[in-house]
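Visitor: I have just opened this one and have not looked at it before. Can you walk me through it?

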Amino acid sequence: MKKMMAGLYEIPIQLKGTMVGLTLTVALLTFSGCASQVASKTLQPPGTEYSNTTAPIVAASSAAAPTTAVDRNSQEEPFDPFAKPGEAGLEEYDPWEPLNTKVFELNRQLDRWILKPVAKGYDFIMPNPLQVGVSNFFYNTRFVPRFVNNVLQGKVRGAGIEAGRFLVNTTVGVAGFIDWASDMDLKTPEEDLGQTLGFYGVKPGPYIVIPLYPPFTVRDFVGYVGDIFLNPIYWLALPIIEIHDIPSAIPHYNRTTTSLILFSAKVTEVGNDRSLNLEKYQGVEESTVDLYSAVRNAYLQKRAKAIQE
């Protein structure tokens, strides 16, 4: 016990990405023999609050137009990105707006000149069913934080559905590439630590835009980091969080290997998500005059509604 407690004080954190960098290889092997069958099946990837899913660099438009990986668990009313403070429970607090707008524009330019061209090339060579499968796979790997947050909010039914989804999709769905659980009507809203903090009365705090990441409030950013701690992949498989006497698939000292895998995985996830939403993001940017305000309002509405539910 003393050793474990001592280890907890020595947890270094190196936030360099998520999940496994061999995603594309596994996806191609998995789907190569059944692409035609998958193509005929509706494989809509689940949604993420942080996009999750969500491609970080394209935060400029992801909040205003939820990705193809929209919440598949309910028929939501469309968000009004032009809602004014006080409407639809919207609490707008943006004291750092001058800095946020500069970072927001930086993210837009990175998307325009780097991510979008890469996503177009990716979309050209990668069939859409495979892209959806990759998105499903990454969503499946974030099961534990969703399950824990359901429990923390007292949502027993939601926790049970998450457990059922993970069991079905990990086995029958081939490591989560095929979302059979949704066809079995195993659907529940996605929960994260930001929502859990809101559930217990923590105020959202200032709105904040971070380079290469989607928008947050301070509360949601703390929740985002907390969800990384809740995911055992980061201390059992690809350790960026070290706890002595707890083994991991890749030894703690082999940081180069872990970092390369995590970086490759994040690049794959971001590029895949952007590819799935090329037309949607394009439409938002072309039809919106004040994109910063639209994204901010849509994000705050979405988070407020998620917490109310």
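**A first look**

Guide: The protein exposes about 14800 Å², and carbon and sulfur atoms supply 65% of that area. Accessible areas come from the Shrake-Rupley method with a 1.4 Å probe, and for residues only the protein chains shown count as cover. This is a predicted model, where local features need pLDDT of at least 70 and side-chain atom pairs count only at pLDDT 80 or more, while totals for chains, interfaces and linings use all residues. Residues are numbered from 1 along each chain as its sequence is written, and side-chain values use heavy atoms, with hydrogens and water left out.

Visitor: What does the pLDDT average over the protein?

Guide: The average is 78, and 71% of the residues score at least 70; pLDDT is the predictor's confidence in each residue, from 0 to 100. Over residues 1–44 the pLDDT is below 50. Residues 64–79 also have pLDDT under 50.

Visitor: And how many helices and strands are there?

Guide: The protein has 15 helices and two strands. These are DSSP runs numbered from the N terminus: helices are H or I with at least four residues, strands E with at least two.

Visitor: Take α8. Which residues are buried there?

Guide: Gly158, Ala159, Ile161, Glu162, Gly164, Arg165, Val168 and Asn169 are buried in α8. Buried means under 20% relative accessible area, exposed over 50%, and partly exposed in between (1.4 Å probe, protein chains only). The cover over the buried residues of α8 includes α6 (128–141), α7 (143–152) and α9 (180–183).

Visitor: Changing topic: how many aromatic pairs does the structure hold?

Guide: Eleven. Rings of Phe, Tyr and Trp (its six-membered ring) pair if their centres lie within 6.5 Å; planes under 30 degrees apart count as stacked, over 60 as edge-to-face and the rest as tilted. One of the pairs is Phe143 with Phe166, with centres 4.4 Å apart and planes at 15°, so the pair is stacked.

Visitor: Where do Phe143 and Phe166 lie?

Guide: Phe143 lies in helix α7 and Phe166 in helix α8, so the pair ties together parts that are 23 residues apart in sequence. Phe143 is buried at 12% relative accessibility, and Phe166 is partly exposed at 30%.

Visitor: Which residues form the aromatic cluster?

Guide: Phe104, Tyr207, Tyr292 and Tyr299 form one cluster. Of these, Tyr207 and Tyr299 are both buried.

Definitions and conventions:
Contact means heavy atoms within 4.5 Å.
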